[in-house]
Structures are given as C-alpha cells and as structure tokens.
Amino acid sequence: MKVARRTLIWVFAMGGILLSFSALNPFSSTALVMRLLMLILAVILAAGLFPNSYLHRFAVSSLDQRPERGSRLMVMISVFGPLVFLVISASAIAANLDNLQLINQLGVDFIDPRSAVYTIIQYSLLGFVSLVFLIWNLVDLIRARGAAQAA
C-alpha cells in the first residue's frame with residue numbers, strides 16, 4: 001500500500017504544480033481573483049506535502065486497510081498514471097519546441113515565444129516529477145515482487 005499512498009501524494013503534487021503555474025502564468029488573461037484563489041490552493045497543497053502533514057495523514061488513513069491480495073487496479077494506476085503524464089509532458093514539450101522552431105523559421109508573430117518557453121518549463125517540471133514517482137513506484141513494486149517470490 002506504500003505505492004498507493006505515494007501515488008496519492010503524486011496526485012496532490014501534480015495538482016499543486018499545475019495550479020501554481022496557472023496562477024503565475026504572465027501570458028494568461030485569467031482574472032486576478034482567480035489567480036489568487038489558485039495560488040492559495042497551490043500553497044495549501046504544497047503545505048500538505050510535508051511529512052506528517054494533513055495530506056500525508058489523509059493518504060495513510062484512507063489507504064490503511066491492507067487488502068489480502070495486491071490490488072491490480074492500484075498497481076496499474078501507480079505505474080500508468082505517472083507514465084501517461086510523462087508521455088503527455090514529452091508531447092507538450094515537443095509541440096512547443098516545434099512552435100519555437102516555426103516562430104524562428106517563418107517569423108510568425110501571433111505566437112509568443114516566451115509563452116512557449118513558459119509552457120516548456122512547466123511541462124518539464126511535471127514530467128520530471130512524474131518520472132521520479134514512476135521510478136520510485138517501479139522500484140518498490142519490483143522489491144515487493146522479489147520479496148513475495150522469496151517467501
């Protein structure tokens with residue numbers, strides 16, 4: 001269940017990153033009140049990521065019952081969730097790099113290159129966090145499988 005708890009923490013971390021980048025996006029036309037609300041929510045999520053905070057206690061208490069068999073659905077979510085986000089991040093980075101190349105080659109002025117760079121930075125961070133959680137979950141799953149086979 002360690003992997004399930006970690007996956008829940010990953011969801012909270014991704015939500016905080018997405019909210020903070022949306023709130024701080026200088027190229028967005030979002031109203032100031034909405035930006036402040038998103039930033040407050042992002043800070044609340046970030047504060048909950050510290051060990052023994054309210055989100056960690058929520059993750060532990062919501063997933064404290066150990067099933068008799070490992071839940072295949074939870075294993076799939078813990079592996080494929082970060083993997084899908086990693087693929088989405090790579091696709092978004094590639095699309096924005098293509099936009100930058102298009103701006104450079106054709107001199108297109110209706111696409112802001114700074115906005116594309118901001119999006120590349122955002123999805124690079126999202127992809128990196130997803131990669132870290134994916135590797136961490138896979139290592140734990142491999143260790144648990146090895147321990148189960150040894151027993």
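How many of the 151 residues of the protein chain, as a percentage, count as buried? The figure is 29%. Keep in mind as you look around that this is a predicted model.

Let's start with the overall layout. The protein chain has five helices and zero strands, and from the N terminus on its elements simply run α-α-α-α-α. The radius of gyration is 19 Å, well over the 15 Å that the globule rule gives for 151 residues, so the chain is more spread out than a compact globule. Another way to sense the span is to pick L36 and R143: they sit 107 residues apart along the chain, and their C-alpha atoms are separated by 43 Å. L36 belongs to helix α2, which covers residues 32–47, and it counts as partly exposed because its relative accessibility is 47%, between the 20% and 50% cut-offs.

Now for the inside. In soluble globular proteins, nonpolar side chains tend to be buried together. Here, the largest nonpolar core has 13 residues, and the members that touch the most others are I9, W10, F12, M14, I17, V129 and F133. Helices α1, α3 and α5 each supply at least two residues of this core, with α1 giving the most, six residues. Setting aside its neighbours within four places in sequence, W10 is in contact with G81, P82, F85, V129, S130 and F133. Across the protein chain, contacts between residues 24 or more positions apart make up 71% of those with a separation of 6 or more.

Charged side chains come next, and the count of salt bridges is two. In one of them, R6 pairs with D140, and the closest N and O atoms are 2.5 Å apart. R6 lies in helix α1 (residues 2–24) and D140 in helix α5 (residues 113–150), so this pair ties together parts that are 134 residues apart in sequence. R6 is buried, because its relative accessible area is 9%, under the 20% cut-off. D140 counts as buried too, at 10% relative accessibility. The other salt bridge joins the side chains of D112 and R114, at 3.7 Å from N to O. This time D112 is partly exposed at 28% relative accessibility, while R114 is exposed at 56%.

What does the outside look like? The protein chain exposes about 9900 Å², and carbon and sulfur atoms supply 69% of that area. One spot to look for is a nonpolar surface patch of about 520 Å², made by M76, F80, L83, V84, V87 and I88. Take V84 from that group: it lies in helix α4 (residues 72–106), and at 46% relative accessibility it counts as partly exposed.

One last stop is N52, in the loop between α2 and α3. Its phi is near 65 degrees, a positive value in a residue other than glycine. Is N52 buried or exposed? It counts as exposed, because its relative accessibility of 66% is over the 50% cut-off.

Note on methods. Residues are numbered from 1 along each chain as its sequence is written. This is a predicted model: local features need pLDDT of at least 70, side-chain atom pairs count only at pLDDT 80 or more; totals for chains, interfaces and linings use all residues. Side-chain values use heavy atoms; hydrogens and water are left out. Helices (H or I, at least four residues) and strands (E, at least two) are DSSP runs, numbered from the N terminus. Buried means under 20% relative accessible area, exposed over 50%, partly exposed in between (1.4 Å probe, protein chains only). Patches are made of residues with over 30% relative accessible area and no salt bridge: like charges are joined within 9 Å, nonpolar side chains (Val, Leu, Ile, Met, Phe, Trp, Tyr) within 5 Å. Accessible areas come from the Shrake-Rupley method with a 1.4 Å probe; for residues, only the protein chains shown count as cover. A salt bridge is a side-chain nitrogen of Lys or Arg within 4 Å of a carboxyl oxygen of Asp or Glu. A nonpolar core is a set of buried Ala, Val, Leu, Ile, Met, Phe, Trp, Tyr and Cys residues joined through side-chain atoms within 4.5 Å. Contact means heavy atoms within 4.5 Å. The radius of gyration is taken over C-alpha atoms; the globule rule is 2.2 Å times the number of residues to the power 0.38.
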